[in-house]
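Let us walk through this structure together. Take it one piece at a time.

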Amino acid sequence: MAHAQSVAWTATRLRHLASLEHVRRAAEAVTGLAADDDVEPLEVAWLLVSLESAHAWTTEDAPRPPGSEPADEELREAGFRLSLEMISAREAVAGRLVYHLINEAALPEPEFCAESGCPESCSGRHDSEHIDCGPDAVFEDLARRGIELERPYDLPPPRRRPPAEEEPPLTGFDGDPDELVDGYGQVLAYFGLDHENTEVLVDAAAVGLVADVWRDGPLDAIHAAGTGPTDGEIFAQSVDLYRTARAALLAARDGGPEELLVFQAIASDVRLRWAGGSSFTLMACGEPTEEFCHDVDNRIWFTGKQMKELGWRTALMHRAMSAAVKTRGHFGMPGWPAVAATALRRTGALDRTDAPGTLHDLAAVEAALREAPDRLGADALDWLCRRGVFVPEADVPR
């Protein structure tokens with residue numbers, strides 16, 4: 001019976017993955033057509049309506065794995081990529097239709113025809129393709145309708161990529177690329193990481209990307225503040241970001257460094273509620289976030305430049321070295337199973353009377369530690385962190 005269910009789920013899963021990809025490609029096509037002036041605005045509108053229908057039919061009744069099956073990360077990533085493409089399509093169509101409506105409502109202005117060099121057949125109506133109202137117009141328009149909101153100058157400054165003089169130095173880029181790769185390989189081999197194994201390399205690079213881009217630097221100061229995140233919240237969020245980093249790195253192999261922007265957007269989203277059921281957001285904690293966002297941008301830029309100049313695999317080796325040196329016992333690394341086994345043994349020896357409910361069933365704790373620690377919840381992870389269950393054996397006082 002279990003075998004029959006597994007076979008049926010495999011077939012269903014493959015069909016659903018294919019459906020998600022087909023709709024994603026349709027959304028990509030709609031985005032392109034929305035920017036094509038040869039396609040009439042009404043046709044663009046109908047394209048979006050039909051795309052939304054396909055999206056709803058594909059996602060509303062998404063199949064679920066049998067009860068014994070773990071959460072399917074590939075399905076999750078495919079759904080996430082479809083969501084991003086749908087956002088792009090909606091934005092493109094909305095922009096096209098907004099300007100179409102404005103242009104249709106515009107009055108003729110024949111006095112500008114001579115200045116614009118219009119043909120004799122011009123109706124005197126000159127279409128707009130871009131209108132810049134400045135940063136305050138929308139707030140003033142809303143205020144006239146009784147909606148008072150903070151103006152842009154009351155909010156954190158806009159995100160930007162740093163100018164050239166602020167970009168981090170590319171250490172080692174001027175040397176022989178082969179020597180650089182050999183050096184990376186020697187470091188990874190010293191720490192027991194098989195960089196020739198692509199899966200191992202991607203896993204380690206994803207861990208390193210999270211550590212370098214998100215965890216180190218300004219987040220340390222925010223963490224140390226009284227309003228900063230707990231150890232458990234950081235643990236849960238880092239696991240969730242690892243999955244996003246891994247998907248972005250794999251996508252960058254074929255799609256180029258631009259695929260890293262998905263990870264950048266999520267890692268630097270100061271309004272995002274963190275994983276593990278946490279309500280924490282960087283914006284709400286009251287700490288300065290401009291430096292944090294700027295640092296994330298810098299480090300993603302650096303990895304993207306490495307990919308362009310040295311290749312995808314070399315850039316991954318660089319980030320994998322960080323993981324090997326700093327976080328070799330993190331979820332996603334080859335050493336994690338041993339860390340999880342030790343944590344489980346220590347958890348079983350603790351009095352868990354006052355522990356969060358997810359820690360009462362050791363079998364469920366074992367499965368979560370092995371497959372998705374954030375599934376335990378940020379509170380449970382914080383409870384475990386405070387009791388040192390994840391401290392490496394070598395660091396435990398004798």
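Helices here are DSSP runs of H or I with at least four residues, strands are E runs of at least two, and both are numbered from the N terminus. This is a predicted model: local features need pLDDT of at least 70, side-chain atom pairs count only at pLDDT 80 or more, and totals for chains, interfaces and linings use all residues. Residues are numbered from 1 along each chain as its sequence is written, and side-chain values use heavy atoms, leaving out hydrogens and water.

Start with Arg352. It sits in the loop that runs between α13 (336-348) and α14 (362-371). Arg352 is buried (under 20% relative accessible area, with exposed over 50% and partly exposed in between, using a 1.4 Å probe and protein chains only). Yet Arg352 has no salt bridge, meaning a side-chain nitrogen of Lys or Arg within 4 Å of a carboxyl oxygen of Asp or Glu. The nearest side chain of opposite charge is Asp351, 7.6 Å away. Lys and Arg count as positive, Asp and Glu as negative; His and the chain ends are not counted. What does Arg352 touch, not counting residues up to four places away in sequence? The partners are Thr347, Leu359, His360, Leu362 and Trp383, where contact means heavy atoms within 4.5 Å.

Now turn to a helix pair. Helix α3 (residues 73-105) packs against helix α9 (residues 231-255) at about 70°, with axes 11 Å apart. Axes are lines fitted to C-alpha atoms, for helices over the stretch in contact, and angles run from 0 to 180 degrees between N-to-C directions.

Look next at Ala247. This residue lies in helix α9. Ala247 counts as partly exposed because its relative accessibility is 23%.
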